[in-house]
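Hi,

Here is the structure I promised to pass on to you. Have a look, and my notes follow below it.

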Amino acid sequence: MRQIEPITKIPEKVIIPLQQHVGAENKPLVSVGDVVKIGQKIGESGISPVHSSASGKVTAISEYPHPFYENVLSIIIEPDGKDASIEFKAEDYSQLEREQIIGIIKEAGVVESGIPVHTKLSPSDVVILNGMDEAPYMTLNRALMLDFPSEIIDGLKILMKATGASRGFIGIDASNSEATNTMNKAAVDDLNIETVPLKTTYVRGMEEFFAKAVVKREISRGHRISNASTMTSTVGTARAAYDAVCMGKPLTETVVSVWGVKKSQNVQAKIGTPLRSVIEHCGGYKGKPKKIVVNGPMTGVAQYTDEVPVTKDVHGILVQYKEDVTTPEIQPCINCAKCVDVCPANLLPNMLAAFANEDRFDMCKRYNISACVECGKCAYVCPSKIPIVQLIKCAKEWIK
Amino acid sequence: MSIIVSAPPHIKKDTCTKKMVCGMIIALLPAVAVSLYLFGPPAMAIILTCVLAAVGTEGAIQKFILKKAIPTDGSAIVTGLLLALLLHVNVPLWIPFIGAVVAIAIGKQAFGGYGSNIFNPALVGWAVLTMAWPSHMASAGVARLVDIPPFVLLVGAAFLLYMGYIKWQIPASYLISVVFLSALLARDASYIFIGGFILGVFFMATDPVTTPLTKKGRFIFGIGCGILTVIYGLYGNYAEDVCYSILLMNSITPLIDRFVRAKPFVEG
């Protein structure tokens, strides 16, 4: 059974923000009234271009709400319902040079957590794909591996070729044997690619931590990877690289885990689809929504409107209702050290929060506040309900 | 549509300090029940005096001096129960009363209330009583409320460990270091099966507020308690070594944390 359901209904309006990566905003290549096709490059600044995900007429180029930034200049397209696309030029990656692959990935606008992927493709020994899902409710990596195993393996080979790596690993949650088996089957012909079952949890923003967990395990199994330079990416990026090179398709669609709606599921949505259309596809709201979170409950961003579009980095939508959104009273810290036990960066979160609360930013620095990746685990486990992450973020801003 | 915007995380675990305090009380209940069964009305009177005096003192201070809306969070009940269990069956009732008042007023509120105290409040009360009225606190041949079959306390301890309410590293390292050191010095270590010792190791040495945050620190704390217990044991009796060891280690908890902070994991 397919895990990911493509949204076939074309939305009434597609909003392509010109800023979908960290760095200079793209300049529009089209103007109001132009007719565009799927895959057509419509914004560029030399870093990471954006493409139209629908065919139709450009009705406006104006500021529009963005899931991660404030209002961003966006190209608004009214689809004509034909879904006509430009001609995609497929390539055989085994015939391509390293630079050519990097060029194709750049032109396809492949972005991962805001970083254009082609900038990550520096020479490495090992490519590690993250197949772990970040938090509760996010199941897209598992779904991707079950639905597109061979595409991901080919994508990994493309990334290996682009970095000159000789080995590729896919880190998968040890409890997820279904995905491990599927990936093993798909990679059976290639001795340089292996799956690695992991017990650690994946933390957004700690790619290196994740890479170390993979490399450490491989060393303990007798593989020689000492001081290997690693390139860490995700299974979603591998699939995007496959689409870019082997299909010639730029990044115009993304997989999103939708939770807290009538039919919670993984969907494949056109970039630019308003969250509202995605939620409607999943049966709509279960009641009166109280909070709409993009990208997982632990680090996600709460939205102020459901009109914001799906962008390249939207991988999850979580709708919460009145009963999910509580504001418990803050109790004094009792030193229980639950936050210390869960901190992936080996910090003392309760101390940092206490120092931040007293404006002792010098002490925050001494307690290595900058190592905090704001994963949210401390605030999640805190029995005193102290907003630890908020206090730490606030202190970081002050220190800047 | 009115939706709210707030900072992550957007979900919180279903634990709270109230639950942890309740867990502590539940874990002590079997011991209290068996104590009442074995020692009857005097035990009942001591326990009630301790708990009521503790809660009353905390309530009075929080309401009239600190003007807090909620006078007590229940942690005073735990303090009262722990103090009661440390007392002898035949003490006059003004002993538990003074002990509980001192425990809360000086052991806890003087330092800033629950979460800010340096010493385990019940042990502060106990220490003051022991030094002021040694005749009442060291009656030879008279049982203490905690002198009950040890498995009763272990049931409560197992509950606390299972629920994750206490830092397991402390009792583990405490017990191991006592057994190891006793063997090394060829001392009798049979007191590890006595109620008072188990109460100390699992219920008082593990008090979250007064023990180290760092993982390494917890082991050092446990080992330190173990070493001190054995050393005191060379000169005193088991009832006092456990309590004084924990009090002394409580006093250096911030120092331990300062010196054994884990190396942060930094990217790059």
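Below is what I found, starting with the ground rules.

This is a predicted model, in which local features need pLDDT of at least 70, side-chain atom pairs count only at pLDDT 80 or more, and totals for chains, interfaces and linings use all residues. Residues are numbered from 1 along each chain as its sequence is written, chains are lettered from A and ligands numbered from 1 in the order in which they are written, and side-chain values use heavy atoms, with hydrogens and water left out.

Chain A is divided into domain 1 (4–86 + 250–320), domain 2 (93–246) and domain 3 (338–399); the bounds come from an automatic or database domain assignment. The centres of domains 1 and 2 of chain A, taken over C-alpha atoms, are 25 Å apart. Between these two, 28 residues of domain 1 of chain A are in contact with 25 residues of domain 2 of chain A (heavy atoms within 4.5 Å). The area buried there is about 2100 Å², with 58% from carbon and sulfur atoms (accessible area, 1.4 Å probe, that the two parts lose on being put together, summed over both).

The count between domain 1 and domain 2 of chain A is 1 salt bridge (a side-chain nitrogen of Lys or Arg within 4 Å of a carboxyl oxygen of Asp or Glu). Lys41(A) also forms a salt bridge with Glu107(A), with the closest N and O atoms 2.7 Å apart.
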